[in-house]
Amino acid sequence: MKIAFIINDHATEKWNYTTPALGFAAYKRGHEVFFIGVGELSYASKGHLSVRCKTVKDKTFKSEETYFKAVQKEEFTTLSSQDLDVLFLRNNPADEINERDWAYNAAFIFGEIAMRNGVIVLNHPSSLAGAVNKMYFQHFPEIIRPKTIITRDHNEIKEFFKEQKQKMILKPLQGSGGTNVFMMDKKNEHNLSQTIDAICRDGFVIAQEYLTEATGGDTRLFIMNGEPLQVNGQYALMQRVNASGDIRSNIHAGGKPQKVKMTDQIMELADIVKPKLVQDGMFLVGIDIVGSKLMEINVFSPGGLNVMGQMYDTNFATPVIESIERKVYYKNMYSDYLYNSRLATL
């Protein structure tokens with residue numbers, strides 16, 4: 001199997017991220033693995049995807065670190081979508097906002113081209129295009145979401161603030177990773193207009209119900225093919241505890257990972273999101289849970305799989321690659337009879 005991973009940029013990708021862990025798992029299983037930065041995509045005159053990428057071959061590595069650092073040292077090579085079996089879109093568009101706006105939607109646009117060339121593209125690129133901002137989250141059942149409004153109207157937000165008894169979360173419609181997320185209450189109400197203005201510079205504002213359970217952080221669960229990812233009874237699940245005084249639980253925003261047990265409530269939430277994720281061809285996603293509510297669904301580049309692997313001494317990356325191998329098998333058996341969106345969650 002020839003599998004390529006699209007990342008934001010080789011200069012910013014780190015060996016201990018989830019994507020290199022997936023790449024290393026595939027490499028150890030004997031597959032040809034390629035890493036492509038968003039800026040290294042191109043459309044060839046013959047109508048196929050052409051990329052510059054990095055890869056290593058015929059070497060043995062003991063760890064993800066030595067493997068990916070070796071990849072980074074390699075010179076670029078050229079690859080065509082005609083030579084690929086799988087293209088895994090693992091870049092985060094939110095990281096490109098105000099930095100490289102041209103890269104914001106590039107991966108799923110070029111992913112569509114690869115898909116037309118017969119490549120299995122994960123997650124399904126058309127669905128990713130519709131999920132490029134947090135509005136996608138609003139398409140899931142209301143019972144599992146915090147009360148939310150999305151607007152640029154100051155008065156509407158201030159009225160919602162009163163309805164929520166002077167306590168709410170403000171964040172931009174576009175973005176991830178805890179960027180520009182604010183908790184507003186009576187203490188900082190005098191900054192409300194200023195905060196709304198700041199977020200409005202980048203687009204629409206999400207005003208969201210504050211969940212008291214958020215003080216203990218949130219729970220990240222990986223969903224694969226619509227089901228919670230588990231290995232030998234251990235789920236790919238962790239509690240992300242807020243740094244002192246910070247409402248954000250994201251690992252790179254200072255959140256600390258901790259072990260947590262699966263509960264019936266978490267399983268119920270996972271079951272509720274399953275139909276839409278399967279329908280949309282969302283192969284591997286991360287859902288973030290606070291109490292009985294979902295706070296976010298990360299369909300682009302959910303992280304933490306390697307952290308969970310170390311925490312539970314469990315290899316979660318290999319089952320992901322094994323699932324992709326089955327998709328390639330099904331694709332070969334059925335030729336052009338299976339749509340990419342369906343293959344993605346088989």
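Colleague: Is Arg-29 buried, exposed or partly exposed?

Modeller: Arg-29 is partly exposed, with a relative accessible area of 38%; buried means under 20%, exposed over 50% and partly exposed in between, with a 1.4 Å probe and protein chains only. Please note that this is a predicted model, where local features need pLDDT of at least 70, side-chain atom pairs count only at pLDDT 80 or more, and totals for chains, interfaces and linings use all residues. Residues are numbered from 1 along each chain as its sequence is written, and side-chain values use heavy atoms, leaving out hydrogens and water.

Colleague: Which salt bridge does Arg-29 form with Glu-325, and at what N to O distance?

Modeller: The side chains of Arg-29 and Glu-325 meet at 2.7 Å, N to O; a salt bridge needs a side-chain nitrogen of Lys or Arg within 4 Å of a carboxyl oxygen of Asp or Glu. Arg-29 also meets Glu-322 in a salt bridge, at 3.5 Å.

Colleague: How many salt bridges does the structure hold?

Modeller: There are 12. Separately, Asp-218, Arg-220, Arg-240 and Asp-288 are linked in a network of salt bridges.
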